[in-house]
Amino acid sequence: MGHLKQKNLITTRERLRDQVGHALRAALISGELRPGEIYSAPGLAEDFGISATPVREAMLDLAREGLVEPVRNKGFRVTEVNERDLDQYTEIRSLIEVPMIGRITRTAAREDLEVLRPVAEEIVRAARDHDLIGYLEADRRFHLSLLALSGNDRLVETVGDLRKRSRLYGLTTLDERDQLTPSAEEHIELLDLMLSGDAKAAERCMARHLGHVRSLWAEGRTPPPRDARVPAAPRTRATTQKNPR
């Protein structure tokens with residue numbers, strides 16, 4: 001009986017850790033946690049209204065993904081991604097995803113592709129509704145679910161990691177310029193081409209989409225204001241730690 005109680009406590013704690021990690025990833029992707037800035041686990045925990053332990057654990061998860069780096073006695077610094085990094089990430093993704101889209105077009109069952117249509121439409125809807133977190137989450141699900149049709153789990157894992165490392169900066173700026181919707185609509189175009197069986201056209205569309213995403217990175221790198229807030233996990237306000245708690 002005691003073991004079951006302990007297991008339940010661990011599960012609850014892991015869920016909280018995952019919740020916090022999701023909120024922090026969203027803030028990193030959207031640029032609300034600023035590259036180069038240091039954030040302390042206790043400071044973020046106070047804003048979440050929880051203890052520092054699950055926040056620290058979530059930040060360590062992000063550190064293993066290369067999104068932040070520990071700074072001794074201070075907290076975690078958000079890693080900076082330069083233009084060269086983004087170019088290299090895009091090149092690797094293109095080498096993997098473009099030919100894989102052609103292969104999936106030729107081999108995937110039509111019904112498996114059609115299942116992704118609601119997700120593609122969700123991306124467009126989120127862009128039009130200015131739901132940035134919804135946009136990013138739906139975009140991630142669409143691309144990784146599409147690649148999963150290859151049957152190669154390691155490939156999906158690799159692209160997922162590249163997506164995390166090449167997070168979109170300044171997404172709010174792009175949204176304000178109405179530049180997200182055209183990129184969102186490319187998902188429906190890609191799916192239609194794949195369903196038509198035109199592998200070469202689907203590859204060209206994927207290559208164009210990745211190039212479009214890269215241009216969005218370049219245009220959206222204007223950092224958000226310093227009082228930007230972290231998306232709520234239960235409740236959040238990201239506080240840059242000049243003097244760690």
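Trainee: Which elements of the protein chain have the lowest and the highest mean pLDDT?

Mentor: This is a predicted model, and among the elements of the protein chain the lowest mean pLDDT, 68, belongs to helix H1 (residues 2-30), while the highest, 97, belongs to helix H5 (residues 110-114). Over the chain as a whole the pLDDT averages 82, and 78% of the residues score at least 70.

Trainee: Over which residues does pLDDT stay under 50, and how many contacts beyond four places in sequence does the model have there?

Mentor: One such stretch is residues 1-7, for which the model has 0 contacts beyond four places in sequence. Another is residues 221-229, where the pLDDT is below 50 and the model has 19 contacts beyond near neighbours in sequence.

Trainee: How many helices and strands does the protein chain have, and in what order do the elements run?

Mentor: There are 11 helices and 3 strands, and from the N terminus on they run α-β-α-α-β-β-α-α-α-α-α-α-α-α. Of the contacts with a separation of 6 or more, 76% are between residues 24 or more positions apart.

Trainee: What percentage of the 245 residues of the protein chain count as buried?

Mentor: For the chain as a whole the figure is 48%, and the accessible surface comes to about 12500 Å², of which 50% belongs to carbon and sulfur atoms.

Definitions and conventions. Residues numbered from 1 in each chain as written. Predicted model: local features only at pLDDT ≥ 70, side-chain atom pairs only at ≥ 80, totals over all residues. Heavy atoms only, no water. Helix = DSSP H or I, 4+ residues; strand = E, 2+ residues; numbered from the N terminus. Buried < 20%, exposed > 50% of the residue type's maximum accessible area, 1.4 Å probe, protein only. Contact = heavy atoms within 4.5 Å. Areas by Shrake-Rupley, 256 points an atom, 1.4 Å probe, with all protein chains shown as cover. pLDDT = per-residue confidence, 0-100.
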